[in-house]
Amino acid sequence: MTEATTTVPGRACGTCMMCCKLTSIVELNKPAGKWCQHAVPGKGCAIYDQRPAPCRAFVCGWMEDASLGPEWKPEISKFMVFVAGDGAMTVMVDPGSPAAWKDPRYYPAIKTTATRLLERNMPTMVVVGSKRFVVLPDRNVEVTIPPGHGARVVTTHGPGGDTYDVEVAPLSRP
Ligand code: SF4
Ligand code: SF4
């Protein structure tokens with residue numbers, strides 16, 4: 001996986017509507033992980049011309065990263081990679097296929113990217129319904145993150161190599 005900020009030429013959503021299920025849309029009071037009331041699977045958005053701003057702006061990682069092949073398209077993989085502006089990665093998994101991200105077609109790349117991002121103090125989070133996992137080089141840690149909190153990874157350098165711990169703490173305010 002590489003970091004990118006523009007849509008790959010020729011790449012299109014087509015019949016995929018996975019972000020209409022996996023993301024939360026405050027304007028629609030729509031929770032993450034449940035189909036939007038306006039989604040018509042296989043057909044598209046029933047309010048396309050009036051869809052709210054977050055729907056217009058959203059682009060998933062597969063649309064932006066040419067290194068992700070066709071098997072990474074969310075309607076096929078059953079999860080969606082999202083890369084924030086600072087480069088941090090979140091993997092949002094279809095609750096109907098909770099183990100999709102562990103598929104050997106994807107898991108090694110997710111691990112490798114998470115390890116690389118960790119070198120820049122960016123933890124990679126996997127979201128499966130109400131569950132959250134922080135991806136570490138040697139394991140995945142399930143965490144509970146209350147509102148206003150965030151997870152960070154503490155790396156300890158030792159003679160036997162690096163070890164990792166996950167801390168959940170209040171987000172610092174400006
Ligand atoms: S998940 Fe990605 S490919 Fe699928 S509809 Fe959303 S933006 Fe398009
Ligand atoms: S309003 Fe339309 S584009 Fe937005 S989540 Fe619902 S179905 Fe998808």
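Q: Between which domains does ligand 1 lie?
A: The structure is a predicted model, in which local features need pLDDT of at least 70, side-chain atom pairs count only at pLDDT 80 or more, and totals for chains, interfaces and linings use all residues. Residues are numbered from 1 along each chain as its sequence is written, while chains are lettered from A and ligands numbered from 1 in the order in which they are written. The domain bounds come from an automatic or database domain assignment. Because residues of both domains belong to the shell around ligand 1, this ligand lies between domain 1 (15–58) and domain 2 (59–170).

Q: How many charged residues are in the shell around ligand 1?
A: A residue belongs to the surroundings if its C-beta atom, placed from the backbone, lies within 6 Å of the ligand. Those around ligand 1 include Cys13, Trp62, Lys73 and Met80. Ala, Val, Leu, Ile, Met, Phe, Trp, Tyr, Cys and Pro count as nonpolar, Asp, Glu, Lys and Arg as charged, and the others, Gly among them, as polar. The shell accordingly divides into eleven nonpolar residues, no polar residue and, as charged residues, one.

Q: How many nonpolar residues surround ligand 2?
A: Cys20, His38 and Arg51 are among the residues around ligand 2. By class, this shell has one polar residue and one charged residue, and its nonpolar residues number seven.

Q: How many residues of domain 2 are in contact with domain 1?
A: The centres of the two domains, taken over C-alpha atoms, are 23 Å apart. Contact requires C-beta atoms, placed from the backbone, to lie within 7 Å. On the side of domain 1, eight residues take part, and on the side of domain 2, ten.

Q: Which residue of β7 is the bridge partner of Arg132?
A: Strands β6 (residues 131–135) and β7 (residues 140–143) pair in the antiparallel sense over four bridges, and a hairpin of four residues joins them. Phe133 stands opposite Glu142. The partner of Arg132 is Val143.

Terms used. Pairing = 2+ DSSP bridges. Helix = DSSP H or I, 4+ residues; strand = E, 2+ residues; numbered from the N terminus. Contact = placed C-beta atoms within 7 Å.
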